[in-house]
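Please examine the sequence and the model below.

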Amino acid sequence: MTRFNPREQIREMSGYHSPQVDVPVRLNTNESPFAPPTDWVQSIGAIAQSIDWNRYPDRAAAELCEAIARRHGVNPNQVFVANGSNEVIQTILLAYGGAGRTVATFEPTYQMYAQIARVTGAEVVEGERRADLTLDPMEIERLVVRHSPAVTFLCNPNNPTGLVEPRENLEALLEVASGIVVVDEAYAEFADWSAMELVSEDKPIAVTRTFSKTLSMAALRVGYVVGPTWFINDLRIASLPYHLDAFKQAATIAALQYTAEMEQRVAIIKSERGRIESTMRDLGVHVWPSGSNFVLFRTTDADAKNVWASLLRQGVLVRDCSSWPRLEGCLRVTVGTEAENSAFLAALAVALAE
Ligand code: PMP
């Protein structure tokens with residue numbers, strides 16, 4: 001029956017799962033706890049009715065690329081949009097990864113880089129972070145000089161650690177990089193610097209963003225990348241025709257009117273994040289300082305799996321990272337609404353006392 005087996009790379013993988021459990025407080029996937037602006041939600045019906053449903057959408061999503069380009073002060077030819085930044089990453093790896101090529105990550109980081117790279121047949125080389133989960137620029141140099149990866153991923157702020165990557169680390173990477181450097185800025189609005197201003201036609205750097213986090217539209221599935229025109233052209237070749245449906249293009253253009261309003265919400269999340277971090281420290285939990293909308297923590301005395309299960313029994317779902325390499329004893333909580341965060345903190349106090 002071997003001919004019915006998938007490719008070797010797929011056979012060796014288990015997939016990427018974050019359990020979707022129906023509990024009152026879901027703090028496991030780093031979404032925004034807030035609904036999108038009401039005006040946008042109310043405009044959706046009219047947008048849907050304006051679509052020529054019998055026609056294929058604009059294949060190049062030109063108007064949408066223009067709107068995003070205006071947001072960042074770049075050229076529309078420097079923008080590629082896809083169904084979530086995961087699909088952006090996939091398209092990058094279809095174009096630049098693949099068999100016989102190497103993709104570099106610095107672990108622990110967002111698991112989809114390695115997962116998608118392997119799906120395309122590329123070899124993944126992993127750099128190591130220090131014990132405190134910060135990244136040494138010497139390690140960047142070592143990995144990149146040794147392997148000359150076709151693609152290197154840097155996630156700022158990094159998921160799942162929440163740590164902001166120092167700008168010097170990107171500079172160190174750009175000095176030695178031989179391939180494309182992808183800076184994943186899924187959580188950019190929470191960090192104190194962005195690599196967006198470094199994008200130019202003569203640098204091999206591309207910056208990815210998403211509508212799923214700060215912009216509160218995870219259900220819409222939109223993400224994009226800003227990079228040099230030659231790189232964006234390669235992504236257009238690797239992507240499927242009409243991959244962005246007409247409704248999504250129109251709804252996203254409309255959503256871009258509300259980015260300022262959405263960014264105002266970042267301050268609320270940051271202040272709640274501060275409350276979560278300090279309360280957890282008071283409970284004796286080790287917390288990594290987060291520059292994002294989630295917090296990684298290690299329960300020093302209690303077994304993380306028991307804490308996770310106890311939280312779930314109490315109706316609070318967080319991410320169990322404890323079986324991931326290098327993250328023994330670690331859980332990750334997304335910053336939710338004030339009420340959700342209070343429910344989490346109360347449940348955590350109970351879980352630690354059990
Ligand atoms: N990058 C990072 C670092 C993420 O944490 C996520 C979401 N978990 C993504 C990319 C993908 O987001 P989306 O596909 O929803 O844009």
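A nonpolar core is here a set of buried Ala, Val, Leu, Ile, Met, Phe, Trp, Tyr and Cys residues joined through side-chain atoms within 4.5 Å, where buried means under 20% relative accessible area. In this model, which is predicted, the largest such core comprises 46 residues. Trp40, Val79, Val81, Leu170 and Phe211 have the most contacts inside that core. Among the contributing elements, helix α3, spanning residues 62-72, gives the most, with five residues.

Leaving aside residues up to four places away in sequence, Val81 touches Leu64, Cys65 and Ile68, together with Val222, Gly223, Tyr224, His243 and Leu244. In soluble globular proteins, nonpolar side chains tend to be buried together.

Attention may now pass to the ligand. Around the ligand there are 13 residues, of which Ser85, Asp184, Tyr187, Thr210 and Ser212 come nearest. By class, this shell has four nonpolar, six polar and three charged residues.

Asn159 instead places a polar side-chain atom 2.7 Å from an oxygen atom of the ligand, and a polar side-chain atom of Thr210 lies 2.5 Å from a ligand oxygen. On its own the ligand has 410 Å² of accessible area, and the protein covers 92% of that area.

Key. Residues numbered from 1 in each chain as written. Predicted model: local features only at pLDDT ≥ 70, side-chain atom pairs only at ≥ 80, totals over all residues. Heavy atoms only, no water. Near = heavy atom within 4 Å. Polar contact = N/O pair within 3.5 Å; in protein donor to acceptor, adjacent residues only side chain to side chain. Areas by Shrake-Rupley, 256 points an atom, 1.4 Å probe, with all protein chains shown as cover. Nonpolar A, V, L, I, M, F, W, Y, C, P; charged D, E, K, R; others polar. Buried < 20%, exposed > 50% of the residue type's maximum accessible area, 1.4 Å probe, protein only. Helix = DSSP H or I, 4+ residues; strand = E, 2+ residues; numbered from the N terminus. Contact = heavy atoms within 4.5 Å.
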